[in-house]
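User: I am new to this structure. Please show me how to read its features, one at a time.

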Amino acid sequence: MIGNKQRKGIMGTKKAALTAGLACTLLFTACSANSGAGEEASGGSGGEGAKEHVTLKVEVFDRGNSPAGSTITDNYLTKYVQENFGKPNNIDVEYVPVPRSEEVEKLNVLMASGSNVPDIVFTYDPNTFNRYAKQGGLTDVGPLLDEHAPNLKAFLGEEVLGYGKFEGTQFAIPAKRSNVGKYASFIRQDWLDKLGLPVPQTTDELYETLKAFKEKDPGETGGQVIPLGMTIASAQYEPLIWSFIKPVSEEERHTLTQQLGSNDYPTLLPGFKDALQFMNKLYNEGLISKDFGLDKDKKKLGEDVATGKVGFYSEDDINPFYEKGSLDTLQQNVPGAQLASVDVYTNEEGKHAKPMYAPNGMYIMIPKSSERAVEAVKYLEWMATSDNLFHLQNGIEGENYTMVDDIPVAVENPSEEALNRMFNSGDMAIVSNGKQLGSMEKNLKARALQMPKKFLEQVEAAQVIANADVIEPVLMDRPIEAQTKYGTTLLDKFNEMIVKTTMAKPDQFDGIYETMLKDYMASGGQAILDERTAVYKEMQAAN
Amino acid sequence: MGWIVYFRRYWQLYALLALPLAYFIIFKYGPMYGIQIAFKDFNFFQGIAGSEWIGFDAFKEVFAMRDFYLTLRNTLMLNFLDLLVSFPAPLILAIMLYEMKTVWFKKLSQTILYIPHFISWVIIGGIVYQVFGTQSGMINNIITSLGFEAIPFLTDKNDWLVTYLLVGVWQSAGWGTIIYLAALTGINKELFEAAGIDGAGRLKRIWHITLPGLKPTIVVLLIINLGHMVSIGFERPYVIGNLAVREYSDVLSTFVYRIGLESGQYTLATVVGLFQAVVGLVFVLGANYTSKKLTDEGIM
Amino acid sequence: MREHTANRVFDTANFIVLLVSTLICLAPFLHIAAISLSSAGGILSGKVSLLPVDLNVEAYTKVFTDASMIRSLGFTVLLTGLFTVLCMVMTIAMGYPLSKKKLRGRKGFMFVVLITMFFSGGIIPEYILVRNLGLLDSIWALVLPGLINPFYLIILISFFNNIPESLEESAEIDGSSHFRTLVGIMLPLSMPVIATLSLFYAVGRWNGFTDTLMYITSPELYPLQLKLYQLIQNNMITDLLQNEGAQMATVVPESLKAASVIFATVPILIVYPWLQRFFVSGVMLGAVKG
């Protein structure tokens, strides 16, 4: 609209001076317009009367996927919120879009400029949360939760809320995760059948199976077989690496683990070198993807699985089973191909140890500068109350879902309107990650029912595997500053270490491992170790 | 000439300058107070003015980081190689286009050659992988089908340098020709006719007429390029680079991205930026001075 | 005779090298076009190279029936046009005086410009400035901060410098004002470089989107490249999607991304062939030599 008005102005004048003059006037009007807006904003903070009509600004992720007819700030769900929460409470809920891919950057700029800061902001990045808390920019929501949000507190529970504490103060409200399982592994059942092999049960058996895949090429790929599909994304290497980590004492678990970003890394834990050594062996014997170090987004792996080159791989538990996903495409390309969910990697104790998610999702925060902290907490409380969350996550009964055994099942072939209604459901229902139905069992069931029916059995098996023998994240009493500072750099170095040691010639393995570990320690690894050791001592002394 | 006479004669030039100068003052110099972040312990909630002064502490921290020197070395190395390879490429291409006498082909190829400039790096990254991958890249498929050993274009650091340069040339050469083609329109055609009568060969003509005609443009571009020896775009090394060649592909821009945006250490990022700015300014002034002495051409 | 053979060898070699380069530059574009016309299965299997697999135009139907894409195209065209015109006006207004060796204070002005090529305040003060000027979430936030590119300004000055001074002097003796010299003599003689710089500004604006990420929040003011970036970035963070417990249904099909790339690229690609007409008018330069 603005554009149209200006078009006349600009296009109508050809003389340079005139155009320049226009730009000049524009600057001035812009200036004066702004000063007016500033006064308004600062003047609006007056009374506290409950009757007063107030505006609550809430951050929302913009993924650029709004369907035709709605926008990220104006759609079915925002209207639903306004109708059911805003109106009764005399609050205008205004959504502030933040591009998903630049969330931290944009949030930083908003915070630093002290303007347009939403009353509710959030991030998945624990470092950003820690930084904001440390710099004193967040509201202590503890008392507000006690006063205004009994349902929310009950919904999240003490454990989840614990992740939102910074040095004992509740500076964030963490979202609750509906499912903490991460990974499962998958094997080409039809290849095993063809070769008359059983499903491997241990890492050693797996190694033999991989060799058989390589030598006998049951998929008739013409020498292109990739017995073990690998990438440099965590879903592929974590199950392998963590299965090599040896059992450790409580103290070692706390001090030697390194949390980089939101995940724990085993760089210093005993057994990590053995894991790399095993990867190195697989690589040099041609058993894993040669270019795995280039495959950050798993695109190549997806192709290789879909074209029937991969015999075995690990992945996010239900990832292969999406409609038109890897398995679907594989079965189109290779009739008769079967992918079985399996749990193979075993550790010293014979367990299928693998990481799990922390029970919390993103960190929801209220900036200290916000004058609407109470309303913000009320908004979250509303979301956690009665069936509001259920509605935000599932839509309208009959059009989006039907209830089967207490579980909402997505309607097959929903109308375009029904589908579009829910496009941003995950980003609106911020107090939860994934659908919440009251128990883990139901949550998993509901999750499985979202997947294509023909794969239901394998999906359920994968979910069970993902939740078996999981390694819990290590929670320290206070944030480790060195992790906030060096986390990003060290994560890069960690991945680099995997790639370089795996691709090394066997006789150079030790040398490269030593050099890289030294660099890792010097770039912040040592600082994290020292700090964690100190904090652990404090924790012991406190008990 | 006295000031009054001078001004009466040239006031129009200053009038023209007024608005552009206002632009520079408001939009470029206005925000420059942000540079003080380099000397402050930046706190998001105190803002730039409210953060505490820390003197040169952040400089000491950056200059003590091993990654700083590594990425500085890589930045200089990649830029220097680019200067040798990617800088002359558009010049050569432009002359080739200029010499092309088949008009329809000239226009067509001119238009197509600059397409890569419009493809975003994210997409180029995917294509590079498909073309240069070791296991199933297009080039290596041909190499191995001929019975040779696959070449690790992306995972061996020296091979990677070649790939990096080639992709750079491919992406920017066509685009770079535009400025030279514009400069070539200024060459006096009569000179060519005269040379034709003299019976000078094509290469001779290029050497004695075309290149000298392009000299001012080449010099300007070269000086600007030298000024940017310590700065480097983020996307190309980030997208083509990978963990196996991080030793070479990690550069100042990726370093700044890591410490600044991802780790929120704006102070350190600003320090690196300031370092790059000072070095860049020194380089460009030095290059300009040298060029003035040698060729009488320069940018100011 | 020998000269003729040499010339033919030169022409043939020139033709071959150019042809090969052209094909290499065309191939990736064809690849993207092929993906935009292929089925999901074909793409996921990595079968698509230069020709579509299971040819279909579904993705294009989607792009062209998406009202927000069409609106975004309209806005991008307007934004690019406005930006380019204002940039050229400002750059010429500054470039002409600075090309005059006689201008007192010239070096100082050049230095003011040169500094800004290297030093900048950074993202936070720039954001604050745009906010204080009241430009946030308006088209002007995408226009005003980038009006003069110092690099392009220097190029323009260098071209102005190459115009024989005798031409200008004769105009001055005629008593013509500086404004008239600029509009009547300098500009007509500089059409190739003006076309070039216009193209540079236009393409820069068309392809740029990082500022829109910061300054724009209303979907009506989303340029095409921002929409495109979001589409493509969606793919880059699939790893996070799982983490976020979001629905996989939100993942955008590859063919739609490719179709959007084509949709957002073709309009700006045709600008250069159109501008090429201005690349010949410089011929008159030779004709009026002193």
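Analyst: Start with a helix pair. The axes of helix H14 (residues 252-262) of chain B and H15(B) come within 8 Å and cross at roughly 155°. Helices (H or I, at least four residues) and strands (E, at least two) are DSSP runs, numbered from the N terminus. This is a predicted model: local features need pLDDT of at least 70, side-chain atom pairs count only at pLDDT 80 or more, and totals for chains, interfaces and linings use all residues. Residues are numbered from 1 along each chain as its sequence is written, and chains are lettered from A and ligands numbered from 1 in the order in which they are written.

User: How are H14(B) and H15(B) placed relative to each other, roughly parallel or roughly antiparallel?

Analyst: The general idea first. Two packed helices are described by the angle between their axes and the distance between the axes. Axes are lines fitted to C-alpha atoms, for helices over the stretch in contact, and angles run from 0 to 180 degrees between N-to-C directions. Angles under 35 degrees count as roughly parallel, over 145 as roughly antiparallel, 65 to 115 as roughly perpendicular and the rest as oblique. H14(B) and H15(B) are therefore roughly antiparallel.

User: Which residues make the contact of H14(B) with H15(B)?

Analyst: Two residues are in contact if their C-beta atoms, placed from the backbone, lie within 7 Å. H14(B) brings B:Leu252, B:Val256, B:Ile259 and B:Gly260. H15(B) brings B:Tyr266, B:Leu268, B:Ala269, B:Val272, B:Gly273 and B:Gln276. These residues divide into 7 nonpolar, 3 polar and no charged. Here Ala, Val, Leu, Ile, Met, Phe, Trp, Tyr, Cys and Pro count as nonpolar, Asp, Glu, Lys and Arg as charged, and the others, Gly among them, as polar.

User: How many residues does each chain give to the contact of chain B with chain C?

Analyst: Chain B gives 62 residues and chain C gives 72 residues. On the side of chain B, the elements that give two or more residues include helix H1 (3-29), helix H9 (157-184) and helix H15 (266-295). The largest share, 12 residues, comes from H1(B). The side of chain B divides into 41 nonpolar, 15 polar and 6 charged residues.

User: What does UniProt list for chain B?

Analyst: An unreviewed UniProt entry lists "transmembrane region" for several stretches of chain B, among them residues 12-30 and 266-290. UniProt positions are in the numbering used here, feature names are shortened, and annotations may be inferred rather than shown by experiment. Residues 12-30 of chain B are 95% helix and 0% strand, with end C-alpha atoms 26 Å apart. Residues 266-290 of chain B are 100% helix and 0% strand, with end C-alpha atoms 36 Å apart.
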